[in-house]
Amino acid sequence: MTTIKRQSASRDGSPLRMLALFLVLFMVVLYLALPSSYETVAMEKMFHGQNSTGVIRQGIRSVVALRREQLSHALKHLTDGGVPQRLRTLRDKHQVVGERLGEVKAGKETVEEILHGADMSHHLSSKPPMTLDEIVSYLDRWIHSLHEILGEYKTATFDQIWQAYHDLAVKTLFPWDQDYLSRMPPRREDGSVFLSLATYRDENCFNTIYNAYAKAKHPEKLFVGLTQQNCHKDCKSGVLANLSMVIVPPDDDCYAKFCETALGKPICVNKQVRVLNIDEPESLGPYAARYFTSKMWYGEEWFMQTDAHMTFATDWDAISIEMLKKAPSDKPVLSHYPPSHLIDLDKRKTTAASRLCGPVFATSDLESQIIRLEGAGNFDKKKLPQPGFAPFTAAGYFVAHSRFLSEVPFDPFLPWIFMGEEIIMSSRLWTAGYDIFSPTMSVVGHMYVRRHKPKFWESVHRAFTFGGKQFTCCESGD
């Protein structure tokens with residue numbers, strides 16, 4: 001979670017700094033997860049009357065006591081000076097957001113106000129906006145440069161690989177990103193929509209783009225940013241049932257395929273689809289791909305994000321904006337886990353949509369006990385007249401006014417992130433003053449099961465050292 005102000009490109013990438021950042025994040029999570037006295041009483045009432053009431057109450061008290069002890073320990077470490085001088089300076093200026101969540105929660109401050117106060121000059125520049133060609137060209141060159149550097153780290157440890165990414169990003173990508181943010185194009189109040197699509201070797205990409213336009217009420221106002229991560233030679237399948245991989249043909253270019261259709265040709269001629277192509281070995285995961293895609297936004301009024309294996313209801317674009325406008329907030333975000341792609345969305349327009357309300361702490365050391373979003377539930381018996389509050393955003397369906405791109409921009413320091421991107425965005429949006437809502441109806445469907453299809457972590461596995469059983473590769477396959 002981005003909770004520390006980045007003041008300059010010169011920064012300490014030592015393990016001590018990473019430990020300090022972890023402790024700040026840990027403190028934030030504890031604050032959000034720690035039951036209040038009211039919540040403790042409520043839990044006790046919930047279990048009242050059961051045979052094991054005393055045991056349950058004692059268990060609740062033990063958990064609360066443990067978490068308070070952990071919070072106290074984390075605060076003591078910060079107070080005792082166990083962090084680099086740069087972070088201690090931020091504490092002295094009261095700019096460590098994790099220590100001021102009470103003010104954010106009460107609506108007294110936003111993260112932006114904590115970090116910058118009334119001075120928003122850091123967002124302004126006298127230079128004209130970068131052109132789309134300049135943006136795509138820079139990102140393309142930067143990704144190639146990173147790939148060349150990481151080629152020397154095939155047998156490195158994970159922290160050495162991260163440090164290599166960090167050092168290049170601090171020197172080049174982060175300053176460019178700050179320049180970009182100060183020169184963003186003006187927003188058009190014309191009902192235009194930017195749809196962010198990040199695809200990794202996905203055979204469903206073509207259908208997603210095609211149906212997004214075919215089912216849109218205003219296709220002339222729909223602009224797609226596509227980060228397409230494809231294999232072009234020596235391609236392998238995903239891991240099959242026998243833990244082997246087979247040789248497969250190169251992936252389709254879904255942009256080129258769309259532009260060849262009668263529907264797509266005029267749209268492509270009108271430059272309504274913007275593309276950043278990334279070679280499979282250079283993939284940095286879905287969050288990084290969404291970061292790159294967000295930079296292809298160019299003044300559209302509304303921002304939407306979905307995955308690249310989706311179905312759409314008729315008029316999905318107009319309905320999404322209408323729902324967002326009905327949300328009772330000045331800064332709303334609309335999001336949830338969509339239903340299966342097998343659902344006929346047009347027959348469910350009077351059915352209440354699901355809400356994303358299922359967080360748990362991961363038990364796997366592999367995931368470092370992060371918060372996992374376990375799924376969505378149908379909490380409403382009938383369709384609501386306006387969107388209902390929800391605690392989290394989902395990456396597969398996300399709608400907001402495009403001003404959030406300058407207030408809560410995607411973070412350039414989160415490569416290779418898969419599990420965790422949704423809790424990161426949820427935390428950052430909420431602490432920046434945004435309210436999260438569930439849609440009143442489902443307008444997109446999601447293909448949740450893609451077994452044996454290529455996954456980005458398999459590319460990472462090939463680029464660096466194998467961490468376990470090596471997959472048998474490769475036999476010729478259909």
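# Briefing on a predicted structure

K295 is buried, with a relative accessible area of 2%; buried means under 20% relative accessible area, exposed over 50%, and partly exposed in between, using a 1.4 Å probe and protein chains only. The model is a predicted one, in which local features need pLDDT of at least 70, side-chain atom pairs count only at pLDDT 80 or more, and totals for chains, interfaces and linings use all residues. Residues are numbered from 1 along each chain as its sequence is written, and side-chain values use heavy atoms, with hydrogens and water left out.

**The chain as a whole**

- The secondary structure comprises 16 helices and 16 strands; helices (H or I, at least four residues) and strands (E, at least two) are DSSP runs numbered from the N terminus.
- The chain has 478 residues, of which 49% count as buried.
- The accessible surface is about 23300 Å², and carbon and sulfur atoms account for 56% of that surface; such areas come from the Shrake-Rupley method with a 1.4 Å probe, and for residues only the protein chains shown count as cover.
- Of the contacts between residues at least 6 apart in sequence, 80% join residues at least 24 apart, a contact being heavy atoms within 4.5 Å.

**The surroundings of K295**

- K295 is placed in the loop between α12 and β5.
- Its side chain makes a polar contact of 2.9 Å with the side chain of D177; a polar contact is a pair of N or O atoms within 3.5 Å, where within protein one must be able to donate a hydrogen and the other to accept it, and residues adjacent in sequence count only if both atoms are side-chain atoms.
- Leaving aside residues up to four places away in sequence, K295 touches I135, L139, W176, D177, Y180 and L181.

**The sheet**

- Eight strands form an open sheet with mixed pairing, in the order β4-β2-β1-β5-β13-β7-β14-β12; two strands pair if DSSP finds at least two bridges between them.
- β4 (273-279) and β12 (388-389) stand at the edges with a single partner strand each, so one side of each has no neighbour in the sheet.
- Strands β1 (residues 193-200) and β5 (residues 302-306) run parallel and are joined by five bridges.
- S196 stands opposite Q305 in β5.

**Helix α16**

- In helix α16 (residues 456-463), the buried residues are F456, E458 and S459.
- These buried residues line one face of α16, because they fall within an arc of 155 degrees seen down its axis; the arc is that of the directions from the helix axis to the C-beta atoms.
- The buried residues of α16 pack against β1, β3 (244-247) and α12 (286-294).

**Disulfides**

- A search of the whole structure finds three disulfides, each defined as a pair of cysteine sulfur atoms within 2.5 Å.
- C205 and C254 form a disulfide with sulfur atoms 2.1 Å apart. This pair links distant parts of the chain, C205 in helix α9 (residues 205-214) and C254 in helix α10 (residues 254-259), 49 residues apart. Both C205 and C254 are buried.
- C231 is joined to C235 by a disulfide (S to S 2.1 Å), and this link is left-handed, with -105 degrees about the S-S bond.
- The disulfide of C259 and C268 has its sulfur atoms 2.0 Å apart and is left-handed, with -85 degrees about the S-S bond.

**Loop residues with positive phi**

- D315, in the loop between β6 (310-312) and α13 (316-326), has phi near 65 degrees, a positive value in a residue other than glycine.
- W416, in the loop between α14 (404-407) and α15 (421-431), has a positive phi near 60 degrees.
- D315 is partly exposed at 26% relative accessibility, and W416 is partly exposed at 21%.
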